[in-house]
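Dear colleague,

Please find the structure below, with the sequence. My notes follow it.

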Amino acid sequence: MITKNFKKLKEEASKISTQRKLTKYASCGGVGCALLTSKGNIYTGVCIESCCGLGFCAEHSAVAEMLKNGESEIKEILSVKETRGNTVIPPCGRCREFILQIDLNNKKTLVHLSENKTKQLSKLLPDHWMRS
């Protein structure tokens with residue numbers, strides 16, 4: 001299911017998904033994320049990859065930007081991977097859990113899993129431990 005916001009979210013995520021080396025131990029931008037809030041604002045973020053698992057996902061970066069601006073409810077979220085030609089990729093389980101924990105209304109968030117597949121977050125976290 002493609003939503004009316006798909007093209008804009010993919011465009012915004014793709015703009016920032018340019019991987020660049022930071023040091024010989026870290027890089028950023030291989031994955032870009034764009035999310036649309038319930039208030040209609042778009043926030044973006046990039047991943048940071050580093051040795052020893054110290055980095056974080058693009059989804060976390062976009063959520064932090066959203067929270068910094070006083071919002072927490074996500075209507076839609078989409079991520080792309082540069083090395084796959086900015087193909088839409090699903091968020092990892094850690095990101096799915098994080099999105100739900102910051103606002104329980106996010107169980108209704110539409111998560112773009114691929115170019116033509118979207119699911120509500122609640123469907124990606126069945127039998128959730130919080131029973132949201």
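I start from one residue and then move to the whole chain. Ser 61 sits in helix α2, which covers residues 58-68. Note that this is a predicted model.

Outside the four places on either side of it in sequence, Ser 61 has contacts with Thr 44, Gly 45, Val 46 and Phe 56. Gly 32 lies 29 residues from Ser 61 in sequence, and the C-alpha atoms of these two residues are 9.2 Å apart.

Now the fold. The protein contains seven strands and four helices. Their order along the sequence is α-β-β-β-α-β-β-α-β-β-α.

As for overall dimensions, the C-alpha trace spans about 45 × 30 × 25 Å along the principal axes. The radius of gyration is 14 Å, and this agrees with a compact globule because such a globule of 132 residues would have a value near 14 Å.

Among the contacts with a separation of 6 or more, 57% join residues 24 or more positions apart.

Regards

Technical notes: Residues numbered from 1 in each chain as written. Predicted model: local features only at pLDDT ≥ 70, side-chain atom pairs only at ≥ 80, totals over all residues. Heavy atoms only, no water. Helix = DSSP H or I, 4+ residues; strand = E, 2+ residues; numbered from the N terminus. Rg over C-alpha atoms; globule rule 2.2 N^0.38 Å. Contact = heavy atoms within 4.5 Å.
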